[in-house]
Amino acid sequence: MPEAHDALDALLDLLDLERIERDIFRGESRSALVPRVFGGQVAAQALVAAGRTVPEDRLAHSLHAYFLRPGDPGAPIVYNVDRIRDGRSFTTRRVVAVQHGQPVFHLSASFQAYEEGLDHQAEMPAAPDPDSLPTAAETLPRHLPAEIADRLIEARAAVDLRYADTPPWGSVGQPREPRSQVWFRTHGKLSDDPLLHVVLATYVSDMTLLDSVLLAHGRGGWAVGDVVGASLDHAMWFHRPFRADEWLLYDQESPSSSAGRGLGQARIFTRDGRLAISVIQEGVVRVPRD
């Protein structure tokens with residue numbers, strides 16, 4: 001199993017796309033827990049591609065994405081960037097990720113030059129101190145078979161992610177409030193590039209958001225195989241500066257699940273209480289047929 005700093009270096013390499021043409025980029029893939037590319041990887045790489053066509057003084061403030069087809073972890077992904085608009089304050093980009101000649105992912109992202117404005121925010125919810133919580137390496141083996149726990153720890157090795165309460169696969173058969181909290185930060189320091197911190201938060205945001213759907217029904221999720229699922233769409237709004245290498249509270253809940261789909265919504269706060277990001281995601285959440 002890789003050391004934490006090696007895993008972070010490997011993730012940063014994964015997100016460092018090759019520029020093929022002015023607006024065409026290529027990224028490598030790697031296997032996830034399921035036989036397809038991890039959705040957070042595709043979203044993060046697409047945001048990198050968009051960001052590299054935007055002036056440095058314009059920061060990402062929102063993204064809206066659709067997962068169209070399962071990605072093939074054995075093949076590279078080509079990202080085609082469309083320069084939709086370059087305005088005085090806002091810059092908009094559209095990115096289509098392609099594998100084997102077919103689109104697998106679509107992203108629209110908007111960037112804004114900094115400006116002053118009205119300022120208010122929701123209050124940060126109560127949460128335990130992250131330093132008081134067990135690490136993933138301590139939590140996962142308590143609830144999952146060793147092989148699955150090891151694979152999950154390895155897949156998340158670049159990120160220090162700590163559950164504030166029992167995760168879904170630790171309370172199978174016990175429905176509870178559809179709400180989940182995790183603290184996360186990268187395992188190691190990052191550069192000061194604002195785009196990199198937004199990209200890393202995007203990567204992590206796809207790891208646990210649908211957990212709250214599972215909690216409502218006492219399901220353990222993909223790790224234990226009592227549901228099958230995949231991300232359908234994903235939206236994020238970046239409100240205030242933050243660092244992905246410092247503790248962030250991911251406060252998640254599910255307002256609804258129906259028709260084989262589940263909705264998760266969340267807010268991400270800095271440790272000192274600033275609302276940094278809002279997130280909404282819908283995914284397929286199906287009970288396997290016998």
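# Reading a predicted fold, feature by feature

Student: How many aromatic pairs does a search of the whole structure find?

Tutor: Rings of Phe, Tyr and Trp (its six-membered ring) pair if their centres lie within 6.5 Å; planes under 30 degrees apart are stacked, over 60 edge-to-face, and the rest tilted. A search of the whole structure finds five aromatic pairs. One of them joins W183 and W247: the ring centres are 6.5 Å apart and the planes stand at 80 degrees, so this pair is edge-to-face. W183 belongs to strand 8 (residues 179-186), while W247 sits in the loop between strand 9 (228-238) and strand 10 (248-258), so the pair links distant parts of the chain, 64 residues apart. Helices (H or I, at least four residues) and strands (E, at least two) are DSSP runs, numbered from the N terminus.

Student: What should I know about the model before reading on?

Tutor: This is a predicted model, in which local features need pLDDT of at least 70 and side-chain atom pairs count only at pLDDT 80 or more, while totals for chains, interfaces and linings use all residues. Residues are numbered from 1 along each chain as its sequence is written, and side-chain values use heavy atoms, with hydrogens and water left out.

Student: Are W183 and W247 buried or exposed?

Tutor: Buried means under 20% relative accessible area, exposed over 50%, and partly exposed in between (1.4 Å probe, protein chains only). W183 counts as buried because its relative accessibility is 3%, and W247 is buried too, with a relative accessible area of 4%. F184 and Y250 form another edge-to-face pair, with ring centres 6.1 Å apart and planes at 70 degrees. That pair also links distant parts of the chain: F184 is in strand 8 and Y250 in strand 10, 66 residues apart. F184 is buried at 1% relative accessibility, and Y250 is buried at 0%.

Student: Which residues have the most contacts inside the largest nonpolar core?

Tutor: A nonpolar core is a set of buried Ala, Val, Leu, Ile, Met, Phe, Trp, Tyr and Cys residues joined through side-chain atoms within 4.5 Å. The largest here has 68 residues, and L47, Y79, F105, L107 and I277 have the most contacts inside it. Helix 5 (residues 194-208) gives the most to this core, with nine residues. Another core lies apart from it and has six residues, among them W183, W247, L249 and F269.

Student: What does L107 touch?

Tutor: Contact means heavy atoms within 4.5 Å. Setting aside residues up to four places away in sequence, L107 touches A46, L47, L63, H64, A65, R93, R94 and V95.

Student: Where is Q45, and is it buried or exposed?

Tutor: Q45 is in helix 2 (residues 39-51), and it counts as buried because its relative accessibility is 0%. A polar contact is a pair of N or O atoms within 3.5 Å; within protein, one must be able to donate a hydrogen and the other to accept it, and residues adjacent in sequence count only if both atoms are side-chain atoms. The side chains of Q45 and Y79 are joined by a polar contact of 2.5 Å. Beyond four places in sequence, Q45 touches L14, L15, L17, G27, E28, I77 and Y79.

Student: Which backbone oxygen does the side chain of R240 reach?

Tutor: The side chain of R240 reaches the backbone oxygen of H120 at 2.9 Å. R240 is in the loop between strand 9 and strand 10 and is buried, with a relative accessible area of 17%. Leaving aside neighbours within four places in sequence, R240 is in contact with D119, H120, Q121, R274, L275 and A276.

Student: Where is S29, and what does it contact?

Tutor: S29 is in the loop between strand 2 (24-27) and helix 2. S29 is buried, with a relative accessible area of 14%. A polar atom of the S29 side chain lies 3.0 Å from the backbone oxygen of A75.
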